Amino acid sequence: MADPRPWPDAATRLAAVIGWPVGHSLSPAMHNAAFRALGLNWAYLALPVPPDRVVESVRGLAGAGCGGLNVTIPHKVAVLGACSAVSPAVAAIGAANTLVPDGAGGFRADNTDAAGFLRALDECAPLHLDGAEVLLVGAGGAARAVAFALRGRGARVRVANRTPARAAELGDPVGFSPADLDRAAGRAALVVNATSLGLGRDDAPPELPLAGLGPGQVAYDLVYRPGGTPWLAACAARGARTVDGLEMLLHQGAAAFAQWTGAEPPLAAMRAGLAVRT
Ligand code: NAP
């Protein structure tokens, strides 16, 4: 029988993701599934916020009692100007993806991408990272979170990026030619794609390393799409263990959910919510 109670009601708490654009986000499906699974009277929306309205929007949402925010491209740095405090992860990475009420009418900023990245790795392809060499392809915001996470575990991070100057800012730089990438991948225990390459292609992007990869190594793609990315499929075909970006999305979301609600995140329900959308 259908639940007769009206929803949302006057006690419903709001959580949301802000971005520009944000209509593609999978976070509403994932978080609303979690709220339903635990019987929490919360609702999660995707709010398109233009770049020139970020600070006033965040302050307004905090003032209106919003229970938590996620932040996506291109606002991960700009939101810091509207927050009362930042976590050590935000201080190191320089960007936030999660805002949590500070108890005084504002938000404090956190970055759960780093913790989500590691949790997905630990669950899908456990690896001893202390002293291990990692090839990180990409040097944007997500790559900064990944580099922070990996260094926290003692990994040696080598960075390859289309724009070499950005690679050098983030770690020990590697050339971006196919030969450079395959050589570096061959020496790495873990290879991470933190570029946006691979989203719209049906074959593995030639810019990403492949020939150097094989059994005993792990390939981790931050990009996610239905059925997995072609690069990850090609790595698996060569015998590498793989980690799908959807698992990172799940665990960064779970870490945010726990901070907003104080509840243990219902991972199975969140995974099912993502599966409906992908
Ligand atoms: P970003 O800050 O815009 O950085 C984009 C990166 O991709 C840069 O390193 C850029 O290189 C590189 N790139 C873009 N187009 C390229 C091309 N045609 N050839 C070579 N390199 C190219 O974006 P971001 O926030 O770091 O996000 C990167 C990816 O990670 C996105 O696909 C995003 O969806 C994904 N992501 C996934 C999760 C998850 O939970 N799974 C979380 C965060 C992000 P240049 O420096 O040369 O421009």
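**Entry 1: the largest pocket**

I began with the lining of the largest pocket, where strand 3 (68-71), helix 5 and helix 9 (245-261) each supply at least two residues. I note here that the model is predicted. Which helix gives the most to this lining? I found that helix 9 does, with four residues.

Next I looked up the volume of the largest pocket, which is about 1400 Å³. I counted 42 residues in its lining, and those closest to the centre are Ile73, Ala142, Thr195, Ser196 and Leu222. I then sorted the lining by residue class: 20 are nonpolar, 16 are polar and six are charged.

**Entry 2: cis peptide bonds**

I turned to Ile73 again, as it is among the residues closest to the pocket centre. A cis peptide bond joins Ile73 to Pro74, with omega at about 5 degrees. Most peptide bonds are trans. Where does Pro74 lie? I placed Pro74 in the loop between strand 3 and strand 4 (85-86).

I also looked up the bond from Trp7 to Pro8. This peptide bond is cis, and its omega is near 0 degrees. Pro8 sits in the segment before strand 1 (13-19).

**Entry 3: helix 1 and helix 9**

I came back to helix 9, this time for its packing. Two packed helices are described by the angle between their axes and the distance between the axes. For helix 1 (residues 27-38) and helix 9, the axes come within 10 Å and cross at roughly 50 degrees. Helix 1 and helix 9 are therefore oblique to each other. I noted the crossing as right-handed.

Which residues make the contact? From helix 1 I listed Met30, His31, Ala34, Phe35 and Leu38. From helix 9 I listed Leu249, Leu250, Gln252, Gly253, Phe257, Trp260 and Thr261. By class, the residues of this contact are eight nonpolar, four polar and no charged.

**Entry 4: helix 4 and helix 5**

I finished with helix 5 (residues 141-152), which also supplies residues to the pocket lining. Its partner here is helix 4 (residues 113-124). The axes of the two helices come within 8 Å and cross at roughly 60 degrees. That angle makes helix 4 oblique to helix 5. I recorded this crossing as right-handed.

On the helix 4 side, I found Asp113, Ala114, Phe117 and Leu118 in the contact. They meet Ala145, Val146, Phe148, Ala149 and Leu150 of helix 5. How do the residues of this contact divide by class? I got eight nonpolar, no polar and one charged.

Notes
Residues are numbered from 1 along each chain as its sequence is written. This is a predicted model: local features need pLDDT of at least 70, side-chain atom pairs count only at pLDDT 80 or more; totals for chains, interfaces and linings use all residues. Side-chain values use heavy atoms; hydrogens and water are left out. Axes are lines fitted to C-alpha atoms, for helices over the stretch in contact, and angles run from 0 to 180 degrees between N-to-C directions. Angles under 35 degrees count as roughly parallel, over 145 as roughly antiparallel, 65 to 115 as roughly perpendicular and the rest as oblique. A crossing is left-handed if the near helix is turned anticlockwise from the far one by less than a right angle, and right-handed if clockwise. Contact means heavy atoms within 4.5 Å. Ala, Val, Leu, Ile, Met, Phe, Trp, Tyr, Cys and Pro count as nonpolar, Asp, Glu, Lys and Arg as charged, and the others, Gly among them, as polar. On a 1 Å grid over the protein atoms alone, a cavity is a set of points where a 1.4 Å probe fits but cannot get out, and a pocket is an open set with protein on both sides within 12 Å along at least five of seven lines; lining residues have an atom within 4 Å of a point. Grid points are joined across faces, edges and corners, and a volume is the space filled by probe spheres set on the points.
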